[in-house]
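Here is a friendly walk through a structure, one topic at a time. Keep the sequence and the 3D view open while you read.

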Amino acid sequence: MRRDDFNDFYENTIKRHAQLFLENNKGYNFHESADRIYEEYLNQKTLMRLVLEKNNINQLLDRHKVCAAMTVAILKCRPITCESINDVDGSFKLSDACTVNEQLAFYCSWSLMIGFIQASSASTEKKKFVLPPTTHNDNFVNTFTRSLFVANVQNSLSPELLANIYFTLLCHF
Amino acid sequence: MKILNLIKKDNRDKCTIYQNANNSFDFDYSVQSGADDNGKDEPLFKNANKNIDMSVTYEMKEVDYYA
């Protein structure tokens, strides 16, 4: 993804979703992070090429891998911060944390994925993309974003695993 | 990105593609909490694996679109 392509994505998707999070929730701030997210995206994309041995630079990465790299990049850069976060006498718990950056990372990457699908087929332009149901007591988005949160806290984020999840989601439609 | 070639082919600009994509899913902007108190998310994922339908399989195939 060239820088001007990323800038379009940043302005039209990342900032848009971030703005809607701020409008719907008090006490959060968005920090301009285009440089940081783009640099981290390039790191993740390049690492994925090395791990998956995609050595042919003329062959671009699959869209689900691009979305996975973007998810990790946004998640690691954490462009939204919470004003009220504090640790008084060691009382901070994981349940006090919020997953707003994980939600933002998934929303932006999912938008990117839908953009790829719609760009490849004009017939999907009016389609509503509904994620698969879950078999437990929370929906897909909450389950996925909370899993991202726990994975990040445990330093166990895997772009390759995320790419497989996005590929499976692609198969769902 | 190949997506841009595809977009150019049907005369849609990038902003339109992203805006359509943003509107094609019902995003919920209420912020969720990080985890349960013991950090294991047991209430959320309780019995999740037991209920997974393992008979569903997906065929891995060559993907046509790259980015």
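## Where H3 meets H4 in chain A

In H3(A), the residues Arg63(A), Cys67(A), Met70(A), Thr71(A), Ile74(A) and Leu75(A) meet Asn101(A), Glu102(A), Leu104(A), Ala105(A), Phe106(A), Cys108(A), Ser109(A), Leu112(A), Met113(A) and Phe116(A) in H4(A). Two residues are in contact if their C-beta atoms, placed from the backbone, lie within 7 Å. Helices (H or I, at least four residues) and strands (E, at least two) are DSSP runs, numbered from the N terminus.

This is a predicted model, where local features need pLDDT of at least 70 and side-chain atom pairs count only at pLDDT 80 or more, while totals for chains, interfaces and linings use all residues. Residues are numbered from 1 along each chain as its sequence is written, and chains are lettered from A and ligands numbered from 1 in the order in which they are written.

**More on H3 and H4**

- By class, the contact of H3(A) with H4(A) has eleven nonpolar, three polar and two charged residues. Here Ala, Val, Leu, Ile, Met, Phe, Trp, Tyr, Cys and Pro count as nonpolar, Asp, Glu, Lys and Arg as charged, and the others, Gly among them, as polar.
- Two packed helices are described by the angle between their axes and the distance between the axes.
- The axes of H3(A) and H4(A) come within 8 Å and cross at roughly 155 degrees. That makes H3(A) roughly antiparallel to H4(A).
- Axes are lines fitted to C-alpha atoms, for helices over the stretch in contact, and angles run from 0 to 180 degrees between N-to-C directions. Angles under 35 degrees count as roughly parallel, over 145 as roughly antiparallel, 65 to 115 as roughly perpendicular and the rest as oblique.
- The crossing of H3(A) and H4(A) is right-handed. A crossing is left-handed if the near helix is turned anticlockwise from the far one by less than a right angle, and right-handed if clockwise.

**H4 with H1**

- Helix H1 (residues 3-24) of chain A packs against helix H4 (residues 100-120) of chain A at an angle of about 140 degrees, and their axes are 10 Å apart. That makes H1(A) oblique to H4(A).
- H1(A) and H4(A) also have a right-handed crossing.
- From H1(A), the contact uses Phe9(A), Thr13(A), Ile14(A), His17(A), Ala18(A) and Phe21(A), and from H4(A) it uses Val100(A), Leu104(A), Tyr107(A), Cys108(A), Ser111(A) and Leu112(A).
- The residues of this contact between H1(A) and H4(A) divide into nine nonpolar, three polar and no charged.
- Leaving aside its neighbours within four places in sequence, Leu104(A) is in contact with His17(A), Ala18(A), Phe21(A), Ile74(A) and Ile80(A).

**H4 with H5**

- The axes of H4(A) and H5(A) come within 9 Å, crossing at roughly 120 degrees. That makes H4(A) oblique to H5(A).
- The crossing of H4(A) and H5(A) is right-handed.
- Glu102(A), Gln103(A), Ala105(A) and Phe106(A) of H4(A) make the contact with Val141(A), Phe144(A), Thr145(A), Leu148(A) and Phe149(A) of H5(A).
- Six nonpolar, two polar and one charged residue make up the contact of H4(A) with H5(A).

**The nonpolar core**

- The largest nonpolar core has 43 residues, and those with the most contacts inside it include Ala69(A), Met70(A), Leu104(A) and Cys108(A). Such a core is a set of buried Ala, Val, Leu, Ile, Met, Phe, Trp, Tyr and Cys residues joined through C-beta atoms within 7 Å.
- Which elements give two or more residues to this core? They are H1, helix H2 (34-51), helix H3 (63-77), H4, helix H5 (140-153) and helix H6 (159-172) of chain A.
- H4(A) gives the most to this core, with 13 residues.

**Buried and exposed residues**

- A residue is buried if 20 or more other C-beta atoms lie within 10 Å of its own, exposed if 12 or fewer, and partly exposed in between, with C-beta atoms placed from the backbone.
- Met48(A) sits in helix H2 of chain A and is buried, with 21 other C-beta atoms within 10 Å.
- Glu53(A) lies in the loop between H2 and H3 of chain A and is exposed, with 7 other C-beta atoms within 10 Å. Phi of Glu53(A) is near 55 degrees, a positive value in a residue other than glycine.

**Chain B**

- Chain B has three helices and zero strands.
- Of the 67 residues of chain B, 18% count as buried.
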